[in-house]
Every structure is written in C-alpha cells, then in structure tokens.
Amino acid sequence: MCIRDRIWTYQLLAGLLMIIPVVALRRATVWIAGVGGEAVTTANLRQFLLSWRFPVVFFLGILLVIIYFVFELVAQIYLTDCILTGRRLSTFGCVKAGFASVRRFMNPDGIGILAFILFGVPVCGVGLSLSIARSSYIPNFIMAAMMNQPVLAVLFMVLIVFLVWTAYRWIFVLHGVLLDGMTPKEAKKQSSRIVKVNRVDFLRELILTGLVTLVIWACSGMLLRQLPGLLAGKMGEGLPAKEWIDAASMIRDGAEFTGTQLQVIGYRIVAV
C-alpha cells in the first residue's frame with residue numbers, strides 16, 4: 001500500500017472511530033449547558049459560570065479537544081513517521097500512542113501550544129489546525145468596528161503578524177515532542193532554531209504558497225462573480241423582454257409550461 005493510500009485509509013478509519021465519542025460529547029455538552037430550560041446567553045452567562053454546569057461543560061470540552069488533537073494531528077504524525085522509517089504500526093497503534101503522549105503536553109508550555117493550535121491558528125490561518133476550530137472566526141461587525149479605528153486596526157495587524165510568526169517558528173514543535181521525546185519547551189526552542197537556520201528556504205516556500213493561494217482565491221472569486229452573469233446573458237438571448245408567468249397558479253391548476261416559459265423561469269433563477 002502506497003503512502004497516499006495508507007493516509008487515506010487512516011483518515012477514513014479515524015473518522016469512523018471519532019463519530020461515537022465526538023457526537024456523544026457534543027450532545028452531552030449541549031444538554032448539560034441547557035439544563036434548567038434556557039440557553040446560555042450574555043444575559044445569564046455569569047449565572048452559568050458560577051453554576052455546577054460550567055466545570056462539567058469545561059471538562060467535556062477538554063475531552064473533545066483531546067480527541068480531535070489525537071486523531072487529527074498526533075496519530076497522523078506517528079503514522080507518517082512509521083511510513084517514512086519503514087516501521088509497522090497499525091491505525092489503532094497510532095491512536096493508542098497518541099493518547100498516551102497527551103500527558104507530555106500537561107504542563108504550562110504544552111497547554112500553551114494546545115491553546116495556540118485551538119485559538120491562534122484559526123485567526124492567522126497558518127500552522128497545524130483542528131477541524132473543530134476551523135469554523136471559528138471574528139464576527140464581521142467586530143472586524144468592521146476595529147478597521148474603522150486606526151489604533152485598533154494597527155494593533156490587530158500587529159497581532160496577526162505575531163501569530164503568523166509564532167506559527168512559523170513552532171511548525172516543528174509537535175514533531176519534537178512526539179518523535180524526539182523533547183519537552184514542549186525544548187521543542188519550541190529547537191523548532192525556532194531549525195526555522196532560523198533554514199529561514200531563506202522557509203520564507204521562499206511560505207511566500208510562494210501564499211501567492212499561489214492568493215491567485216487561486218482571486219481567480220475563483222472572479223469566476224464565481226462573472227460566470228452567473230455570462231450564463232444569464234447567454235440564456236436570455238432570444239427570450240421575450242416581458243413575460244408574465246404565474247407559476248404557482250399554473251402548478252395549482254395543473255397547466256403545462258411551454259418551452260419558452262421554462263426558459264424564462266430558468267433565466268430568472270440564474271439571473272438572481
């Protein structure tokens with residue numbers, strides 16, 4: 001089995017193994033948070049934080065993050081290392097080793113690394129990430145408010161640069177902890193040292209990747225904006241300029257649509 005097939009097989013099995021515990025933890029978290037008959041809002045947030053529900057929800061949230069962390073990052077690092085070194089380790093072996101290695105991160109530096117992966121990476125968009133945090137984003141109204149304030153806008157840009165630089169320097173932290181047996185603190189120093197020595201190559205690849213991503217994003221955006229208009233223009237050629245169609249009445253009365261009417265309906269759907 002080639003490397004690609006082994007990784008795909010692992011991802012499929014890992015996804016199946018994650019379904020039951022992830023769904024169970026998510027539902028338990030929502031249920032406990034909603035005990036009492038009301039959802040948690042800003043109005044009752046203080047009450048929730050002071051109740052017994054908060055530590056329980058917090059604990060369940062930590063378990064959920066650990067599951068994602070092990071299956072999506074740790075176990076895959078062990079798997080790719082086994083593939084590259086020729087060692088034999090099953091999917092279950094990788095997952096078992098992943099859960100056993102979690103204790104290495106139970107210290108201030110390790111918790112800081114996990115917090116950065118969970119909160120910092122989704123904001124800056126650089127580094128190893130978890131799917132549970134990929135939907136996290138800063139609300140548009142907050143972004144608009146910050147961008148309208150020069151001081152806040154500058155501070156936000158400084159924060160983004162700091163997060164990107166941190167993700168850039170810590171790119172090999174997990175590998176150092178998991179594969180080389182380093183402490184998180186040692187792994188951060190070693191990762192920074194590796195990046196510094198190879199900074200020219202890393203920066204070149206980072207800039208190249210960023211430019212390619214920007215070009216793809218810009219082209220796809222232009223295509224998605226222009227394609228409906230071009231398609232609508234093509235469909236509109238030869239159609240009557242004013243055509244009143246009461247589709248609801250025709251459907252209710254069982255009347256049949258003519259070919260021209262169907263073309264007009266299709267044109268109006270595309271043109272919206």
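Me: What are the ground rules for numbering and confidence?
Reply: Residues are numbered from 1 along each chain as its sequence is written. In this predicted model local features need pLDDT of at least 70, side-chain atom pairs count only at pLDDT 80 or more, and totals for chains, interfaces and linings use all residues, while side-chain values use heavy atoms, without hydrogens and water.

Me: How many cavities of 30 Å³ or more does a search of the whole structure find?
Reply: Rolling a probe the size of a water molecule over the atoms shows where empty space is left. On a 1 Å grid over the protein atoms alone, a cavity is a set of points where a 1.4 Å probe fits but cannot get out; lining residues have an atom within 4 Å of a point. Grid points are joined across faces, edges and corners, and a volume is the space filled by probe spheres set on the points. Here the search finds one. The largest cavity holds about 110 Å³.

Me: Which element gives the most to the lining of the largest cavity?
Reply: Helices are DSSP runs (H or I, at least four residues), numbered from the N terminus. H5 gives the most, with four residues. The lining includes Ile113, Phe116, Trp170 and Leu174. Its residues divide into 10 nonpolar, one polar and no charged. Ala, Val, Leu, Ile, Met, Phe, Trp, Tyr, Cys and Pro count as nonpolar, Asp, Glu, Lys and Arg as charged, and the others, Gly among them, as polar.

Me: How much space lies in the largest pocket?
Reply: A pocket is an open set with protein on both sides within 12 Å along at least five of seven lines. The largest pocket has about 620 Å³. Of its 21 lining residues, the closest to the centre are Phe58, Gly61, Ile62, Val65 and Leu118. H3 gives the most to this lining, with nine residues.

Me: At what angle do H3 and H4 pack?
Reply: Axes are lines fitted to C-alpha atoms, for helices over the stretch in contact, and angles run from 0 to 180 degrees between N-to-C directions. H3 (residues 53–85) and H4 (residues 91–101) pack at about 120°, with axes 8 Å apart. H3 and H4 are therefore oblique to each other (under 35 degrees is roughly parallel, over 145 roughly antiparallel, 65 to 115 roughly perpendicular, the rest oblique). Their contact (heavy atoms within 4.5 Å) includes Phe71 and Tyr78 of H3 and Phe99 of H4. By class, it has 11 nonpolar, two polar and no charged residues.

Methods
Helix = DSSP H or I, 4+ residues; strand = E, 2+ residues; numbered from the N terminus.
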